[in-house]
Structures are given as structure tokens and as C-alpha cells.
Amino acid sequence: MKRYIINRLLLLIPTILGVTFIIFTIMSLTPGDPGRIILGQGAEQADVDQFNRDLGLDRPFLVRYVTYVANAVRGDFGLSYRTGRPVYESIRNRFPFTVTLAFLGVLGSMIIGIPLGILSAVKQYSFWDILGSVSAMFLAAVPGFWLGLMLILFFSLRLGWLPSSGVGTYQHYIMPAITLAIPGAARILRLTRTTMLETIRTDYVRTARAKGAKERTVVWKHALRNALLPIVTSIGVSFAAALGGTVITEAVFALPGLGTLVITSIRMKDTPQVMAAVLLLSFLFMIIILLIDLTYGFIDPRIKSMYR
Amino acid sequence: MREKLLEIRDLKVIYKTDEETVEAVNNIDLDLYKGESLGIVGETGAGKTTTALSIIRLLPYRVAKILSGEIIFNEQNLLELSEKDMRKIRGNNISMIFQDPMSSLNPVLTVEDQIAEVLRLHMDYGKEMIKKRVKEVLQLVGIPHDRMFEYPHQFSGGMKQRVGIAIALACDPDLLIADEPTTALDVTIQAQVLNMIDELQSRLKTSMILITHDLGVVAQTCDNVAIMYAGEIVESGTAKDIFEGERHHPYTEGLFGSIPNLDIDEKRLNPIQGVMPEPSMLPSGCRFHPRCPHCMDICIAESPQSKSFDGHHIKCHLFL
């Protein structure tokens, strides 16, 4: 088990290197240069060239890449082209919002999706099952920005209960978290229903019933744990995706998150800022995937015995 | 004096889906006496497992329906019990060994956990007592108790079935239903497991219903035999009636005829002609008439009554 974890952590190194290379290449080979974008269309060409030279952009691509990696290994991720401040500053400011939002969103979708999915499976074809399936399909089809706007319209403008934008209190997180949770909840509901339907028909669940176990024990102890693997995968991937993909939600609720930062920086050709943000996100992504795999081992002893 | 433990009267079970209605068990009668064992023999699809699942009331929910009949166990009709009372009987008074040990144990729970569960449900034991009893039943089925913390995937097929048997015997049931307990095992292990079931059954004086399609297994283990065909019991009696009696249902004769004789140089097997009818389209009259070598006009028109010769029941027009 220990060796497995160490191996997986070591594998992070080549993966991260690969990520840096791909992002760096894309940022360098796409048209547009930071000097022109930051100084504006009206600036003199000489000033633009000088600006780019100051950033070291006149050097060959590979030299710049190797320099970047060498600095990054020592913990120096560079200065933002746009603000001239170290890139980690804006990341440090924005990261907590994004993590909180992603966490709340995924938590919300779990709290809604898993119990309703179990209910739908256990009472297959009942009123609850049909209601669950229909609302899941509806909610999965609702675009995030529309849902966010409707929430603002209703809870902020009509009722005045919740703030429509910005950060500060926990109330600011309620609507963004719901916006993020709803489509995820729909997906988890459907997934839970499917896998539960499969497991409650297995022989070992029948064995549990033949022991005289209560239906509740049968569902929660015997069926759910076996149905959990795909659900855990889905939750982990949703969380990882939510870290980088909350841009729309952030935009609707004017939240200063990482997603917005990445989008703005890409537009500004602010390579160090993009690199740092993407590196952090991909690192987290891989850690989460590792945690999912370790969770498998706890859920299913057959998988644990393979982690050698 | 033989004391009746289980009495099935006029049991009829159907499986109803949108497309078709399958008549799985058709008005069967069965008796089982305390301490005795009953073998139910028949081809796949004859309704053996359906009969067994009816007794512990674990037929597939919604699809299966018990249309009529009584299942009297220890003087109470199981079909009239509430689900709550039924749960007290399952695993405690009546327990079941399932066909496929590979899939009948929960892969994420230890063997100890799975045996202890049934004890916790039915016995008023403390923690220590439960642990002691788990070790006891494991020893009973020949598994070293230091393996109790292992998971099912660490056991071989035969060992898994032993765990299944340990679960079934943990609460000292009055009735043990073994549904083809050795079909999924390889031949060498089959004999071991079967001998063990046989030995434990007579030692613990548990009554047993053994479901199988193997006449040899029945001959070795059972006091009484019922032969099932297309959801009906076509012949029943003591093992002696079935294996040594003079009169037989033509289907039983066919079953015996299909066992190859080692003393004669036989080039081919002698199976019963034809196949078992689709249970959703059962033939008229006697269910066996399309395959029967003695088929008469009356067999096509009328379903025969069961006739008893001193407790040896045969359901065939030949003997009416």
C-alpha cells in the first residue's frame, strides 16, 4: 500500500512536466504577443518590442521553456506580465473561493443525488422513481448560467434574501453552490440509481435477505457499499472538474475565482499566470484521482489486495 | 412417530412480465418430516428453485406471484405471516444454501462479519459469544478459524460454499434448504461438500430439502424424493420407492434411462426425447405427453390425478 502511494506520487513528476510543456507550447505558439495586448493598439511598435524584450520573449522557445522549468523547480513561478506582481499572489487570493465553491457544489450534489438515487432504485417504477428520473433529466439539461440567473432573479431581486454577487459572508456562497450542485446532483442520482438497481439484484443481497436482515440493512450495508465505486469516481471527477470549471458560475455571481483568473490571463497572453494556475489545478486533479483510487481500496478489499 | 415439519399444499406460483406469464410451479404438494431429508429432482426450469424461494418468501419482488396454496411450517402458514415475522424465521428457523458460492457472499465484508450478522440478527448473544460461535461453525465446516478475517475473494469456490453452509447452520435451523449446493463446484469438490452436508444434516438432526438435478446425489443423501417436471411433482416417495420401486412415472424412467450403464458397452447416451416445454406455453393434459413413450389419447385431453401406492405418489394416467 505504502509503495503503491509512493509510486503514484513519483508518477506525478513526469505528468506535471508534460502538462507544463503542453501549456507552454500552446501559449507560445498561439498568435498575439503580450506587449501589444497589454500596452494596447495605440502603442508605438518600438515600445511593444522593448516590453517583449524585457520579458525575455525574444529568446528561442526551448530556452524560455527550460528557463521556466528550472525556475519553477526552485519555487519561482515568475511575475505576471500584466501586473508585474508574483503570480502566486493572485492565486493565493482567489484559490480559497474556488475550493470552497467546488467543495460546496460537490457536497450539495452528493447530498441530493445519492439518497434520491437509492430511493429511486429501491422503489423502482414507483411515483418517487419517476419523479426522480424526470427531474434529474430536467435538471441535467438546465444550463448553469440560466439556473444562476433564475436564482438571482428570484432570491435576490424578488425576495431579497440572498446577495446576488461578490463574496464576504456564507450567504454569498449559497446560490453559486446550488448552481454548481444541481447538474451534478442529477448525474449522481442517475448513476446511483443504475448501480443500486444492479447490486440489489445480486446473489449476495439475496443471501442477506435470507439471513433475515431488514430491508434497510440490506440496502445500506450490503448493496450500497458495492454500488459505491462508480459513484465515488464520479464525485471525485466532478470535484476535480469543478476546481477548474466554475468559470460560468463565477462569472454569473461575480466571484473572484481561479477560473476567471485563468480565462483573463489567457486572453492577456499572461503566460506565467496561466502556467501557475494550470499547474496548481492539474496537481490537485491528480491528487484527487489518487485519493479516489485509495478510496476504492477501502471500499473493496479485492482492489486493496492489488495495491502492492 | 414421524412429526411433520413442513407441509406444502396446492402451491401455485407464476412469473408475470409484460410479455408473458410463466407458470413456474403448478399446484404442488410436499411433506417434510422432522429430521428427514427430501430431494427435489428435476431439469433446469422445472420449478425447483421457485419452490424453495417460495418457502422462505424471497421470490423476485413484483414479478413472481403466489396464486394459491399453503406452506405450513411448524403449524403456521408462512404465506400469511407479516414480513416482520417472516424475517424472524429466515436464517433462524429456515435457512438456505445457494447455488453459486462465487456470487452468494458479499465481496466487501469479511467472512466473520457475514457469519456474525445472522447470529446478531437472531441470537441474544454478546460480542464474545458471537465470536465463539463463528469459530465453532467455521470448524464445523472445516475452515480454520484464523481465516475468519479474510474476504470471500481469498477463498476457493469449495471453501466459499463451506462459508455459505456455515452461515446457513449458524443459528441451528430446523429446516435447511440447499439449492443445488454443488452444481457450481468441480467434481472432486462436489463430493467433499456433499458428504459434509450429509454428515452435518444427520449429526445436527436438521431437516433438509436438497434441490438437485443429479439422481446420484439424491440416492446418496435423501430419505425422500420428489421428481419435478414442468412445475409439477410427477412422482414422490421414499428413496426406496424411487430407486427400487416397480412402478414409475415415465419421466422418472426416462431420467434413469439417461444415466449411462457402465456394464454395457453403450455407444450413445439415451436422453429423453424432446425438450422441456416453454413454461409460458405448457401443453394440454399431462405436461409430459409430448415426450412420453406411453402417450395415450387421455393424456392429451386430461391432466392426470396423483395416485398413491402406500405413500408412493405417481401422477400418470397409466396408473389410474
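Predicted model: local features only at pLDDT ≥ 70, side-chain atom pairs only at ≥ 80, totals over all residues.
## Overall build of chain A

Chain A contains 14 helices and 0 strands, and its elements, read along the sequence, follow the pattern α-α-α-α-α-α-α-α-α-α-α-α-α-α. The C-alpha trace of chain A spans about 85 × 60 × 30 Å along its principal axes. Of the 308 residues in chain A, 44% are buried. When contacts in chain A with a separation of 6 or more are considered, 74% of them are between residues 24 or more positions apart.

The charged side chains of chain A comprise 30 positive and 16 negative ones, and the centres of these two sets lie 15 Å apart.

Leu12(A) belongs to helix 1 of chain A, which covers residues 2–29. Because its relative accessible area is 11%, under the 20% limit for burial, Leu12(A) counts as buried. Once its neighbours within four places in sequence are left aside, Leu12(A) is in contact with Phe283(A), Met286(A) and Ile287(A).

## The nonpolar surface patch of chain A

A nonpolar patch on the surface is formed by Phe103(A), Leu104(A), Leu107(A), Ile111(A), Ile112(A), Leu116(A), Leu119(A), Phe127(A), Trp128(A) and Leu131(A), which together have about 920 Å² of accessible area. Two helices of chain A, helix 5 (87–122) and helix 6 (127–141), each supply at least two residues of this patch, and helix 5 gives the most, with 7 residues.

Trp128(A), one of the patch residues, lies in helix 6 of chain A. Its relative accessibility is 47%, so Trp128(A) counts as partly exposed; that value also lies over the 30% that a residue must exceed to be included in a patch.

## A buried serine in chain B

Ser54(B) is located in helix 1 of chain B, residues 48–55. Is Ser54(B) buried or exposed? Ser54(B) counts as buried, because its relative accessibility is 0%. Apart from residues up to four places away in sequence, Ser54(B) touches Leu11(B), Val13(B), Leu59(B), Ile66(B), Ile71(B) and Leu79(B).

Side chains of opposite charge can pair when their charged atoms come close. Over all chains, a search of the whole structure finds 26 salt bridges. One of them, in chain A, pairs Glu215(A) with Arg209(A), and the closest N and O atoms of this pair are 2.8 Å apart. Glu215(A) counts as partly exposed at 37% relative accessibility, and Arg209(A) is likewise partly exposed, with a relative accessible area of 21%.

In chain B, Glu7(B) forms a salt bridge with Lys4(B), with 3.9 Å between the closest N and O atoms. Glu7(B) is partly exposed at 21% relative accessibility, and Lys4(B) is partly exposed at 34%. The side chain of Lys4(B) also meets that of Asp31(B) in a salt bridge, at 3.3 Å from N to O. Since Lys4(B) lies in strand 1 of chain B and Asp31(B) in strand 2 of chain B, this pair ties together parts that are 27 residues apart in sequence. Asp31(B) is partly exposed, with a relative accessible area of 27%. Through salt bridges that share partners, Lys4(B), Glu7(B), Arg9(B), Asp29(B) and Asp31(B) are joined into one network.

## A negative patch on chain B

On the surface, Asp18(B), Glu19(B), Glu20(B) and Glu278(B) gather in a patch of negative charge. Glu20(B) is placed in the loop between strand 1 (4–16) and strand 2 (21–33) of chain B. With a relative accessible area of 35%, Glu20(B) is partly exposed.

How values were computed: Residues numbered from 1 in each chain as written. Chains lettered and ligands numbered in written order. Heavy atoms only, no water. Patch = residues over 30% accessible without salt bridge, like charges linked within 9 Å, V, L, I, M, F, W, Y side chains within 5 Å. Areas by Shrake-Rupley, 256 points an atom, 1.4 Å probe, with all protein chains shown as cover. Salt bridge = Lys/Arg side-chain N within 4 Å of Asp/Glu carboxyl O. Lys, Arg positive; Asp, Glu negative; His and termini not counted. Charge placed at Lys NZ, Arg CZ, Asp CG, Glu CD. Helix = DSSP H or I, 4+ residues; strand = E, 2+ residues; numbered from the N terminus. Buried < 20%, exposed > 50% of the residue type's maximum accessible area, 1.4 Å probe, protein only. Contact = heavy atoms within 4.5 Å.
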